[in-house]
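This report describes how side chains meet one another within a single protein chain. Please keep the sequence and the model in view while reading.

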Amino acid sequence: MKKLIDILFIAVVMCVVSSCRKDSFLDRQPLSAVTPQTFFNTEGDLQIYCNQYYAWLPVQYLVSADLQSDDKAPQSLNTMLAGTYTVPQKDPDNYDSAYAHIRAVNFFMMSYQKANISDSIKNIYVGESLFFRAMQYFNLVKTYSDVQYITRYLTDTSKSLLYGSKTPHQQIMDSVLTDLNTAISYLPLSPSQDGRLSKYQALALKARVALWEGTYRKYYAGTDGTTYLQAATDAAEQLMNSKNYSIYSTGNPQSDYYNLFIQDELKGNPEAIMSMRFMASANTYNNVDRQLGESGDGYSKDFVRSYLCTDGLPTGLSPLYKGDDSLGMEIINRDPRIKQTIATRGFNFLNGDLITLPRVGTNVTSTGYQPIKGRSSSISAWNANNSTFDFFIFRYAETLLIEAEARAELGTCTQDVLDNTINKLRDRAGMPHMTLGALQRDPQSHFPNVPVLIDEIRRERRIELATEGFRFDDLHRWKAGTLINNNETMLGMKLLPAMRAQYTYDVSNVRVNSDYYVQPYAIPSRTWNDKMYLLPIPLQQMNLNPNLAPQNTGW
């Protein structure tokens with residue numbers, strides 16, 4: 001039986017426990033009525049207040065991640081990539097909730113000092129607060145770029161700030177980095193309560209934020225990203241040098257990657273820098289395993305082509321590549337992660353129901369490349385509200401990829417760096433090491449204008465982090481949105497007439513193009529517009545605060 005208190009579940013448990021007391025936090029007045037005079041007196045008060053933050057953590061959710069990218073071609077055409085997204089009247093993309101969270105943090109920062117405890121204890125909760133404020137602003141900047149930057153608790157009398165103008169992207173991100181550095185200095189190495197933030201999770205977020213901003217400044221804004229790239233590698237190396245984390249492996253390259261994402265218990269897993277834990281009868285989640293099997297999702301032909309062959313070469317260079325006349329041929333001599341990410345012959349779909357032919361033409365996949373990362377064959381997990389698989393919040397593999405990419409961008413990536421990062425991931429998969437002197441440019445490279453080392457690190461990131469929600473953010477920071485113009489991002493597997501004839505159910509509705517590749521959409525192509533890097537600010541917010549004008553470019 002799992003321990004009761006852990007990530008996110010802290011908030012539930014602590015509030016339930018406190019609600020048993022007559023003066024519990026849940027029985028108190030709402031935030032707008034809570035005052036420093038009636039609360040924030042003890043460490044318990046600070047802790048209970050900060051519990052709410054944990055529901056904001058960026059949890060891996062494999063069902064709908066990366067749909068707005070070149071990795072996926074789901075049954076429903078993504079409206080943003082199709083160019084049909086319109087400026088919303090209200091907030092569908094967490095603009096309002098982000099500011100509600102920021103307001104909650106700012107209220108804490110205004111109030112915590114009166115607690116009758118040592119500064120060192122107070123600072124732990126300040127560190128938690130700054131971590132979450134930084135996270136909220138990072139997400140806002142990625143989504144909207146220039147936004148209001150508010151660090152004071154605003155009331156109805158603070159109208160000059162409440163209706164203020166936007167702060168430039170780079171200025172906000174400089175403040176985000178400052179908040180994270182302060183959080184790292186305040187947070188403990190080992191929290192007193194299981195599941196609370198430590199210095200290591202703050203370092204993981206800093207590495208993620210700094211890599212994004214450093215490469216954004218270099219490729220998108222055309223400015224110097226060196227400071228942020230150095231901050232990314234500094235944070236990643238502190239995590240690596242701690243020796244607390246490593247790549248999960250049992251020595252079975254044919255299954256370890258797949259099994260990593262269907263574990264009932266990530267506590268103690270060396271790859272889990274932070275995880276969200278679930279348990280039977282106490283904290284299960286709703287139908288995620290089932291949704292992965294019925295989502296109508298599908299990887300794109302473009303994504304599948306990016307897997308290397310087992311000799312470490314891309315399909316355009318390797319003599320081992322057998323072509324793609326069928327999915328069975330396509331996976332021969334390929335990186336073992338391909339069969340642990342995509343359903344292929346022999347995969348146990350559900351309790352002994354083995355895949356024989358790709359289940360194209362059904363509601364399980366749109367392209368024939370059916371995602372199975374995080375998808376088990378367990379009947380128990382399939383049943384509603386029964387799944388207890390844990391989710392990653394920060395995974396060590398990402399940290400290693402950040403270190404490799406940041407070092408490559410800085411021009412300091414040596415073979416030792418690769419051996420301690422990329423090649424750790426390849427060891428788990430049973431793939432040849434990336435070797436500096438042996439790298440060859442893929443003739444179908446998506447990034448021919450960057451050094452081949454950076455090109456190949458980007459490929460490794462795409463494969464290792466598939467369906468974890470990073471791909472569109474990566475395209476944004478590399479200013480690579482035009483990759484969605486590639487028609488293969490809208491195609492699936494090849495379905496030749498001879499293969500179609502093998503199906504025992506009706507697949508006559510499966511559309512293919514002139515080369516027999518599955519074509520989920522009636523439209524054969526799409527055109528990238530740079531406005532799609534950002535979402536428009538909701539009209540309701542623009543009307544409430546005219547100082548938010550102008551709207552994001554193109555909207």
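## Salt bridges

The whole structure holds 41 salt bridges, a salt bridge being a side-chain nitrogen of Lys or Arg within 4 Å of a carboxyl oxygen of Asp or Glu. The model is predicted, so that local features need pLDDT of at least 70 and side-chain atom pairs count only at pLDDT 80 or more, while totals for chains, interfaces and linings use all residues. Residues are numbered from 1 along each chain as its sequence is written, and side-chain values use heavy atoms, with hydrogens and water left out.

One of these salt bridges joins Asp-179 and Arg-133, with 3.0 Å from N to O. This pair links distant parts of the chain, as Asp-179 belongs to helix α7 (residues 169-186) and Arg-133 to helix α5 (residues 119-144), 46 residues apart. Helices (H or I, at least four residues) and strands (E, at least two) are DSSP runs, numbered from the N terminus. Asp-179 and Arg-133 are both buried; buried means under 20% relative accessible area, exposed over 50%, and partly exposed in between, with a 1.4 Å probe and protein chains only.

A salt bridge also forms between Glu-237 and Arg-407, at 3.1 Å from N to O. Here helix α9 (residues 226-241) supplies Glu-237 and helix α15 (residues 396-410) supplies Arg-407, 170 residues apart. Glu-237 has 21% relative accessibility and therefore counts as partly exposed.

## A salt-bridge network

In the salt bridge of Glu-271 with Arg-428, the closest N and O atoms are 2.5 Å apart. Glu-271 is in the loop between α10 (256-260) and β1 (272-276), whereas Arg-428 is in helix α17 (residues 422-429), 157 residues apart. Both Glu-271 and Arg-428 are buried. Through salt bridges that share partners, Glu-271 and Arg-428 belong to one network, whose members include Asp-335, Lys-373 and Glu-460.

## Aromatic rings

The count of aromatic pairs is 33. Rings of Phe, Tyr and Trp (its six-membered ring) pair if their centres lie within 6.5 Å; planes under 30 degrees apart count as stacked, over 60 as edge-to-face and the rest as tilted. Tyr-95 and Tyr-144 form an edge-to-face pair, because their ring centres are 5.1 Å apart and their planes stand at 90°. Tyr-95 lies in helix α4 (residues 95-111) and Tyr-144 in helix α5, so this pair ties together parts that are 49 residues apart in sequence. Tyr-95 is buried, at 2% relative accessible area, and Tyr-144 is buried at 2% relative accessibility.

One aromatic cluster includes Phe-39, Tyr-53, Trp-56, Phe-107 and Tyr-153.

## Charges over rings

Lys-373 lies over the face of Phe-261, 4.5 Å from the ring centre. Likewise, Lys-479 lies over the face of Tyr-220, at 5.3 Å from the ring centre. A charge sits over a ring if NZ of Lys or CZ of Arg is within 6 Å of the ring centre and within 35 degrees of the ring normal.

## The chain as a whole

The chain has 21 helices and four strands. Its radius of gyration is 24 Å, close to the 24 Å that the globule rule gives for 555 residues, so the chain is as compact as a globular protein of that length. This radius is taken over C-alpha atoms, and the globule rule is 2.2 Å times the number of residues to the power 0.38.

Along its principal axes, the C-alpha trace spans about 75 × 55 × 50 Å. Of the 555 residues, 57% count as buried.
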